[in-house]
Amino acid sequence: MNHNQNPINRVKCVVNTCEHYVEGDKCSAEYIEVQPQNALNSQETDCSTFMPKG
Ligand code: SF4
């Protein structure tokens, strides 16, 4: 797993069970993908780059 030393600046993520999560509510993934198309509200969206820790 590539843990980028430069977390994504403009993303705050509190999902501390994700492999890409770093302290301070940052994301260390190289990029993130958010799904799905045609979502109608924020509840319907999610990060498909999420990967369970460990
Ligand atoms: S990959 Fe998604 S869920 Fe995981 S830390 Fe980054 S933004 Fe959060």
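This report describes the fold, the ligand shell and a few individual residues of a predicted protein model.

Residues carry numbers from 1 along each chain as its sequence is written. Because the model is predicted, local features need pLDDT of at least 70 and side-chain atom pairs count only at pLDDT 80 or more, while totals for chains, interfaces and linings use all residues.

**Overall architecture**

The protein has four strands and zero helices, and its elements follow the order β-β-β-β from the N terminus. Both kinds of element are DSSP runs numbered from the N terminus: helices are H or I with at least four residues, strands are E with at least two. Along the principal axes, the C-alpha atoms fill a box of roughly 35 × 25 × 15 Å. Of the 54 residues, 9% are buried. A residue is buried if 20 or more other C-beta atoms lie within 10 Å of its own, exposed if 12 or fewer, and partly exposed in between, with C-beta atoms placed from the backbone. Two residues are in contact if their C-beta atoms, placed from the backbone, lie within 7 Å. Among contacts between residues at least 6 apart in sequence, 35% join residues at least 24 apart.

**Ligand shell**

The residues surrounding the ligand include Cys 13, Cys 18, His 20, Cys 27, Cys 47 and Thr 49; a residue is near the ligand if its C-beta atom, placed from the backbone, lies within 6 Å of it. The shell holds ten nonpolar residues, two polar ones and no charged ones. In this scheme Ala, Val, Leu, Ile, Met, Phe, Trp, Tyr, Cys and Pro count as nonpolar, Asp, Glu, Lys and Arg as charged, and the others, Gly among them, as polar.

**Loop residues**

Glu 33 sits in the loop between β2 (26–27) and β3 (34–35). It is classed as exposed because it has 10 C-beta neighbours inside 10 Å. Leaving aside residues up to four places away in sequence, Glu 33 touches Ser 48 and Thr 49. Its C-alpha atom is 5.8 Å from that of Cys 47, a residue 14 positions away along the chain.

The loop between β3 and β4 (46–47) contains Pro 36, and the peptide bond from Gln 35 to Pro 36 is cis, with omega near -5°. Asn 38 lies in the loop between β3 and β4 as well, whereas Asp 25 is found between β1 (21–22) and β2.
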